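Have a look at the structure below. The report that follows walks through a few of its residues and helices.

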Amino acid sequence: MNFKVPFNRPFIAGRELHYITQAVRQGHLSGDGYYSKRCQQWLAENFGVRQALLTHSCTAALEMAALLCEVGPGDEVIMPSFTFSSTATAFVLRGATPVFVDIRPDTLNLDEKLLEQALTPRTKVIVPVHYAGVPCEMDVIMDLASRHDVLVVEDAAQAFFSTYKGKKLGSFGQLGCLSFHETKNIISGEGGALLLNDPRFVGRAEIIREKGTNRSQFFRGQVDKYTWVDVGSSYLPSELIGAFLWGQIEEAERIIADRRRSFDAYLEALRPLQDAGHVQLPNIPDGVSNGHLFYIVTDSLQTREALSAYLLGYGISAIFHYVPLHSSPAGTRYGRAAGELPVTVATADRLLRLPLFFGMDEKDVAYVAERLFDFYCPKGKGGCGGV
């Protein structure tokens, strides 16, 4: 379907194509070339971590994190149920059991007040997911993890450049995972990064990423030959991905500012619908969001389905998000829920994501908002305010 306002639109922000051409001319298209290394250095410096390693996806970064955390059969990993499957599968692949905890109704993030009761002697890792780029309560989570000797792996796939108390998300835990998928703020088609904030993991991360070999040390002249020394896989992206990503990184602040403008425009336009009790809008406490996505929460599944169909009729692509992992076929097979998770269940049935992408025209935001008001407040009915 040719949407009037698509949910997402991949984009060129600067010199991405030029850098790809340069990478081809330089004759290095496999991993860890010139542009990939520039990206990694920039990420490490700007996120304030010890090392950043590009990966071919955020899923790959999560899988590397699971290997570094040395989880296995009998170990438990706490995470929200309201997240993408990769958050869980990375640890399930190592034999660990995901323990699903409910989310907060205001931020849709892991409810930090429920963590203590979800901990068991088998808990090895906590995985906070910063939903929609909104920060989890990292002070509480890090304090709890420290007291119980548990590792923290941040799933910051949606949180590039979001902050918590002035510090970038992905830099709090021992490990952080970023995504550069085409639906994210900064994109490279596919792509991700593993942020390392603990010196224990730095050397081994390179080995795991290079198919279990000490190839990186060899090219730095630290060993006279490289060989197989540990478990690992092929987690490097090609240099073409790195070149495209570098073009995006150069424009990162402009891209984030553009998305925040659209996010803020939605928030201002739709506040009367929230004031009238029709929808719940995003809430951003004690932190700065990157404007990754804008959602509304309706009063029921039936309303969400009717609204989605209504918007589709006007050429607007608005879509729901996750099916809770604890209720999915694989979730019931490999994991367990810590309680009933009522907020997760209710939210998953009622959440609808609105179009938001770089370069979105203010007229597009106004058009979507107008259709929402038409749905909730047809002419002749009051109580919604104006657009």
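Setting aside residues up to four places away in sequence, Arg104 touches Asn109, Leu110, Asp111, Glu112, Glu137, Pro285 and Val343. This is a predicted model. Arg104 sits in the loop between strand E3 (97-101) and helix H5 (115-118). One of its contacts is polar: the side chain of Arg104 meets the side chain of Glu112 at 2.9 Å. Is Arg104 buried or exposed? Arg104 counts as buried, because its relative accessibility is 14% and the cut-off is under 20%.

Next comes Thr347. This residue belongs to helix H13 (residues 342-350). Its side chain reaches the backbone oxygen of Val343 at 2.8 Å. Val343 is also among the residues that Arg104 touches. Beyond its neighbours within four places in sequence, Thr347 is in contact with Phe82, Ile103 and Leu108. Thr347 has a relative accessible area of 4%, so it is buried.

Now turn to a pair of helices. Two packed helices are described by the angle between their axes and the distance between the axes. For helix H2 (residues 34-47) and helix H9 (residues 239-249), the axes come within 7 Å and cross at roughly 45°. That angle is why H2 is oblique to H9. The crossing of H2 and H9 is left-handed. On the H2 side, the residues that meet H9 are Tyr34, Tyr35, Ser36, Arg38, Cys39 and Trp42. On the H9 side, they are Glu239, Gly242, Ala243, Leu245, Trp246 and Ile249. The residues of this contact divide into eight nonpolar, two polar and two charged.

Phe244 is also found in H9. How far apart are Phe244 and Ser36 in sequence and in space? They are 208 residues apart in sequence and 9.5 Å apart in space, C-alpha to C-alpha. Leaving aside neighbours within four places in sequence, Phe244 is in contact with Phe11, Ile12, Glu16, Ile20, Ile187 and Ser188. Phe244 counts as buried, because its relative accessibility is 14%.

| Residue | Relative accessibility |
|---|---|
| Arg104 | 14% |
| Thr347 | 4% |
| Phe244 | 14% |

Last, helix H7 (residues 199-209). Which residues in H7 are buried? They are Phe201, Ala205, Glu206, Ile207, Ile208 and Arg209. After H7 comes Lys211, with a positive phi near 60°.

Technical notes:
Residues numbered from 1 in each chain as written. Predicted model: local features only at pLDDT ≥ 70, side-chain atom pairs only at ≥ 80, totals over all residues. Heavy atoms only, no water. Helix = DSSP H or I, 4+ residues; strand = E, 2+ residues; numbered from the N terminus. Buried < 20%, exposed > 50% of the residue type's maximum accessible area, 1.4 Å probe, protein only. Polar contact = N/O pair within 3.5 Å; in protein donor to acceptor, adjacent residues only side chain to side chain. Contact = heavy atoms within 4.5 Å. Axes fitted to C-alpha atoms, helices over the stretch in contact; angles between N-to-C directions. Parallel < 35°, antiparallel > 145°, perpendicular 65-115°, else oblique. Left-handed = near helix turned anticlockwise from the far one by under 90°. Nonpolar A, V, L, I, M, F, W, Y, C, P; charged D, E, K, R; others polar.
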